[in-house]
Amino acid sequence: MLITYTMGSRHPAGINLFCGFGRQDEDTMTRLSPFFAWLLPAALLLMLLLMLPSAPAQAATLEITGPDGAKVMVNDRIMGFLPLGHALSLPPGLYLVRSELPGHKDFVTRVTLYETDDVQHLRIRPVPLSKRVAWSGNLLFAGMGQHYMGDSLKGYAFNLLEAGGLLTALAGELQRSSHRQDYLLFKDRYDNAINIDDVEVYRARTLKAYSDMEDAENRRNTGLLVAGGAVFLSVVDAFINFPSVKTGPGEIPVQTSRLDSDSPLPEHHDSTGFGAVHAAIRLGF
């Protein structure tokens with residue numbers, strides 16, 4: 001087989017391919033030559049189109065204002081601390097906005113951005129915590145004030161202490177009542193016993209029932225002491241560790257740059273689709 005390459009202007013590729021397989025093979029290669037001539041430029045054009053930067057996705061605008069130092073989170077992603085210094089650019093959708101500020105209740109609301117040119121303003125209004133509500137809540141049940149202040153771990157600890165103490169006291173009181181009935185019964189039989197053997201038997205049973213009654217009474221008192229101590233300590237903790245109201249710039253934010261389409265927020269699905277609602281309840285005594 002002989003393969004030769006000859007240059008000429010006959011074909012668009014500028015190359016004629018002749019093979020030693022006959023005239024029919026030469027005609028076939030002649031017909032395919034234009035296809036191969038356009039294949040490489042088309043592939044290069046496609047690669048260039050793929051490498052071009054995509055147009056930036058249009059986004060709505062959300063401006064958030066409020067007390068200085070408040071931490072702002074959108075769909076559980078930290079946006080920074082107020083003042084942010086810029087508006088947030090977000091794709092249209094429903095977002096859960098949360099704000100945390102020491103000495104205040106967490107501010108939570110939902111914001112719906114409907115169109116790409118939508119501009120909404122959100123004013124964060126956190127409600128200050130009340131020290132009186134914190135310590136008085138512990139009088140109802142130990143740990144309630146800690147839950148109110150946002151310290152759930154300590155609140156659950158005080159809850160368990162008082163609940164365990166009350167349950168222990170209840171069990172001790174039930175046992176004490178049962179042993180007291182046994183004590184009164186054996187004592188009555190001891191007082192009325194005539195036979196010396198019966199006297200010794202009922203005397204021993206009476207002493208045993210009395211000892212059991214005292215042990216149960218001690219468990220009851222211990223449980224009451226633990227429950228009362230939990231209430232006392234929770235009230236003192238509410239006074240000492242009550243979060244003070246802080247204002248001013250907060251710590252350096254983790255992320256304060258505007259969002260783009262390359263790093264979308266996790267979607268917050270909600271079938272209601274309502275906009276931002278501001279509600280606040282101020283408790284005072």
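Reply: Met-73 has Ile-78 as its bridge partner in β5. Strands here are DSSP runs of E with at least two residues, and helices are runs of H or I with at least four, both numbered from the N terminus. The model is predicted: local features need pLDDT of at least 70, side-chain atom pairs count only at pLDDT 80 or more, and totals for chains, interfaces and linings use all residues. Residues are numbered from 1 along each chain as its sequence is written, and side-chain values use heavy atoms, with hydrogens and water left out.

Strand β4 (residues 71-74) runs antiparallel to strand β5 (residues 77-81), and four bridges join the two. Two strands count as paired if DSSP finds at least two bridges between them. The hairpin of β4 and β5 has two residues between its strands, and Asn-75 there takes a positive phi near 50 degrees.

Strand β4 is also joined to strand β7 (residues 93-100), by four bridges and again antiparallel. Met-73 comes up here as well: its bridge partner in β7 is Arg-98. Met-73 therefore has a partner in β5 and another in β7, since each strand pair is judged by the bridges that DSSP finds between the two strands.

Another set of strands forms an open sheet, with three strands in the order β6-β3-β9 and mixed pairing. Its edge strands are β6 (88-90) and β9 (119-123), each of which pairs on one side only. Neighbouring strands of this sheet are turned by 25 degrees against each other on average, direction ignored; the axes are lines fitted to C-alpha atoms, for helices over the stretch in contact, and angles run from 0 to 180 degrees between N-to-C directions. Strand β3 (residues 60-65) and β9 run parallel, joined by five bridges. Within that pair, Leu-62 has Gln-120 of β9 as its bridge partner.

For contrast, here is a contact made by side chains. Lys-154 forms a salt bridge with Asp-237, with the closest N and O atoms 3.0 Å apart; a salt bridge is a side-chain nitrogen of Lys or Arg within 4 Å of a carboxyl oxygen of Asp or Glu. The pair links distant parts of the chain, with Lys-154 in helix α4 (residues 152-192) and Asp-237 in helix α5, 83 residues apart. A search of the whole structure finds nine salt bridges.
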